[in-house]
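Good morning, and thank you for making time for this presentation. Please have the sequence and the three-dimensional view open while I speak.

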Amino acid sequence: PQSRLLEWVELRDSCLDELLRHDGPLILPSVCAFCPAGEELFWCKDCGHGHRLLCGSCIVSKHSELELHRVEKWNGHFFEKAPLSTLGLRIQLGHDGGRCSMPVPASSNFLVFDVSGVHQVNVDFCGCRPPYELDKRVQLLRKRWFPATTTRPQTVFTFECLDTFHELTLQGKTTLYDFYHVLLRKTDNANVHPSIYRYPEMHRAFRLWRNLMSFKRAGRGHDPSGVNGTPPGGLMVECPACPHPGRNLPEGWQNAGPLLQVTFFSFCQWLGYLYILYLAIDANFKLKGKDRKITDIDLALGLGAFVDENQYQDFIKDYVDQPEINTCESEHDAIVRASIRKTPGYAVSGAGLIICSRHVLVRGNGAGDLQKGERYCNMDFIALSAIVGILLVWLVITYDIGCQWSKSLYTRMEEFPEHMRISEGVKVDVGVPSWHINGHGKKCQDDYNLGYMKGTGRTCGEEIETSWSHTNPLAASVREMGPSAHHETLNDHWNGWNYRKVVGLRHILRKKFIQAATMKTTHKAAYQQLTSTFPAELIKKWENKVEKWENDPGAPNPYTEPAIGLTLQDVRLELSKEEAAEASSGNRQTHKVSMTGFLTTGLELEDRQYQLRHEMSEKKKLKTSKQQADVQEK
């Protein structure tokens with residue numbers, strides 16, 4: 001509210017005075033606050049003990065376990081930086097803060113990057129003999145410092161620093177370059193001291209940190225097989241609301257029969273719908289990648305959202321010139337892009353993605369690079385990789401060009417390894433998302449409409465479009481990366497997206513559950529009202545047609561509207577053409593109104609008369625004088 005701002009406006013001078021209080025003491029004491037020493041006085045910007053000034057010995061003693069606090073010295077005119085390392089503070093590693101009988105000094109230029117800035121510190125490694133000796137890397141990690149290298153480390157990053165950037169980049173898409181320079185600004189905003197350049201070290205450290213965090217959060221540290229035992233796609237956060245046999249499905253779920261009573265809703269439904277897996281496929285042509293000629297190391301090859309790149313490239317190399325047959329009447333962007341040429345200077349033209357369309361979580365091994373539009377070979381490999389090992393009996397897949405992608409799917413699937421093929425007992429339905437279907441031809445709208453498909457309910461299929469808003473801001477960064485860093489970055493952001501979706505499921509599912517319970521009553525009443533207007537034998541006839549089509553897609557589609565041979569506008573067009581032909585031949589009309597205009601006006605008058613009679617029949621509803629006057633004028 002504006003009143004709150006006005007309150008602060010009146011207090012600005014007082015608040016400014018308090019801010020200045022933190023830049024220097026109002027009264028300068030002559031001795032240390034803890035001892036009678038009257039030498040140089042210091043204070044700490046990060047401690048919460050107010051503005052007490054201490055001598056060098058006392059401030060070092062108080063910061064024996066607060067090594068990264070920022071200390072300043074009063075020089076008689078102002079406070080200047082006085083790092084604890086210059087005051088004699090040394091940090092002993094390897095003994096949980098205790099003394100070491102054989103300390104080994106680290107480099108004199110040892111830097112620690114923290115959220116508070118960059119700190120030069122004095123570090124002593126433990127040099128004790130076995131069994132007490134620890135590797136320098138281990139000593140630093142136990143201090144919660146992540147080393148930039150395992151040999152002779154002299155640059156480390158605190159866990160808090162790496163974790164803070166990780167959260168920032170997942171939420172705000174902050175680049176490492178920007179975060180690195182923020183730390184430099186916090187350390188020396190005026191560039192008074194020689195600049196620090198440890199950006200390559202931070203880049204390498206964060207990439208390793210991100211990789212280790214993915215293994216940790218996937219539980220690999222508690223698995224006897226460790227990191228090397230991670231299954232394909234095993235680093236991705238799975239959707240807990242999708243059906244997973246042996247994990248969140250009851251015993252005998254395969255035998256869920258039709259029309260089992262659900263007493264809570266007091267109506268019958270087919271429990272088999274609970275065990276359908278809904279998937280959505282789409283491609284994004286913003287997530288490009290330049291051909292940087294970089295030989296990079298993939299730290300999680302095939303373990304995240306992206307497919308195994310080696311297997312993927314080995315498969316698609318045989319389909320470089322695969323023809324793309326467009327049998328759809330639509331000129332939708334995705335269909336046009338399916339045959340576009342590769343962008344010059346780019347090795348990757350976009351990314352294909354598979355998600356669970358109900359809950360919008362990215363599937364493990366459900367992403368892959370595209371080289372030339374949405375070719376069958378690319379999208380088939382990505383889609384089949386995302387459903388490897390699925391033991392369900394029914395899949396519903398939505399894809400904006402599903403009308404052409406699905407037609408020869410089983411024929412193309414014979415070219416894949418046996419373990420990647422969809423089992424014969426699995427029912428697969430393919431539809432076009434509810435918004436994209438409007439851009440397709442009449443046949444597609446009849447055969448691939450989710451509103452006509454059994455088991456789809458209120459599935460929209462467009463949910464995958466919302467996931468791109470999370471990754472599109474990364475486009476400017478990932479296109480400059482090497483192929484492995486490109487994959488790891490997108491893997492990490494998709495995994496972060498999955499986690500936030502899981503956190504929000506309890507609220508979203510509760511909201512949808514309440515909405516479903518409420519709208520069930522509304523829709524049931526509307527259905528019963530509509531049903532009551534038709535004879536029972538006609539309804540039975542319609543039901544038989546729908547069931548026949550659902551069980552046999554080759555049967556006549558009951559939802560197909562009959563083609564209208566001739567419309568009013570068709571007649572109007574033909575008459576207008578005849579009048580134009582007569583006028584061009586010199587036959588001028590004798591009346592001010594043409595024959596076509598006369599007929600059109602007459603039909604419009606009939607429509608208005610019908611509407612007026614309808615309004616007159618509901619005269620009791622015309623309550624206002626304006627409404628009654630409008631009808632009287634008509």
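A residue is called buried here when its relative accessible area is under 20%, and exposed when that value is over 50%. Please also keep in mind that this is a predicted model.

With that cut-off, I begin with helix H10, residues 376-386. How many of the residues of H10 are buried? The count is 11 of 11, so by the definition just given each falls under 20%.

Rolling a probe the size of a water molecule over the atoms shows where empty space is left. Across the whole structure, the search returns four cavities of 30 Å³ or more. The largest cavity holds about 70 Å³ of space. Which element gives the most to the lining of this largest cavity? It is H10, with three residues. Strand S14, residues 277-284, likewise supplies at least two residues of that lining. The lining includes Leu279, Ile281, Asp380, Ala383, Leu384 and Trp405.

I turn next to a sheet. Strands of a sheet pair through backbone hydrogen bonds, either parallel or antiparallel. The sheet in question is open and has four strands in the order S8-S7-S11-S10, with mixed pairing. S8 and S10 (145-147) stand at its edges with a single partner strand each, so one side of each is left without a neighbour in the sheet. On average, and with direction ignored, neighbouring strands here are turned by 30 degrees against each other. Helix H6, residues 176-187, packs on the sheet and touches S7 and S8, its direction making about 60 degrees with that of S8.

Let us look at S7, residues 111-114, in detail. S7 runs antiparallel to S8 (residues 117-120), and four bridges join the two. A hairpin of two residues connects S7 to S8, and Asp114 stands opposite Gly117 in S8. With S11, residues 155-158, S7 pairs in the parallel sense over three bridges. In that pairing, Leu111 has Thr155 as its bridge partner, and Phe113 has Phe157.

Are the two faces of S7 covered or open? In a regular strand the side chains alternate between the two faces of the sheet. In S7, Leu111 and Phe113 lie on one side, Val112 and Asp114 on the other, and all four are buried.

My last item is Cys32, in the loop between helix H2 (12-21) and strand S1 (41-44). Why does Cys32 count as buried? Its relative accessibility is 5%, and the cut-off is under 20%. Beyond its neighbours within four places in sequence, Cys32 is in contact with Ala37, Leu41, Leu53, Leu54, Cys55 and Cys58. Pro130 is 98 residues from Cys32 along the chain, and the C-alpha atoms of the two are separated by 44 Å.

Thank you; I am glad to take questions.

Notes: Residues are numbered from 1 along each chain as its sequence is written. This is a predicted model: local features need pLDDT of at least 70, side-chain atom pairs count only at pLDDT 80 or more; totals for chains, interfaces and linings use all residues. Side-chain values use heavy atoms; hydrogens and water are left out. Buried means under 20% relative accessible area, exposed over 50%, partly exposed in between (1.4 Å probe, protein chains only). Two strands pair if DSSP finds at least two bridges between them. Axes are lines fitted to C-alpha atoms, for helices over the stretch in contact, and angles run from 0 to 180 degrees between N-to-C directions. Contact means heavy atoms within 4.5 Å. On a 1 Å grid over the protein atoms alone, a cavity is a set of points where a 1.4 Å probe fits but cannot get out, and a pocket is an open set with protein on both sides within 12 Å along at least five of seven lines; lining residues have an atom within 4 Å of a point. Grid points are joined across faces, edges and corners, and a volume is the space filled by probe spheres set on the points.
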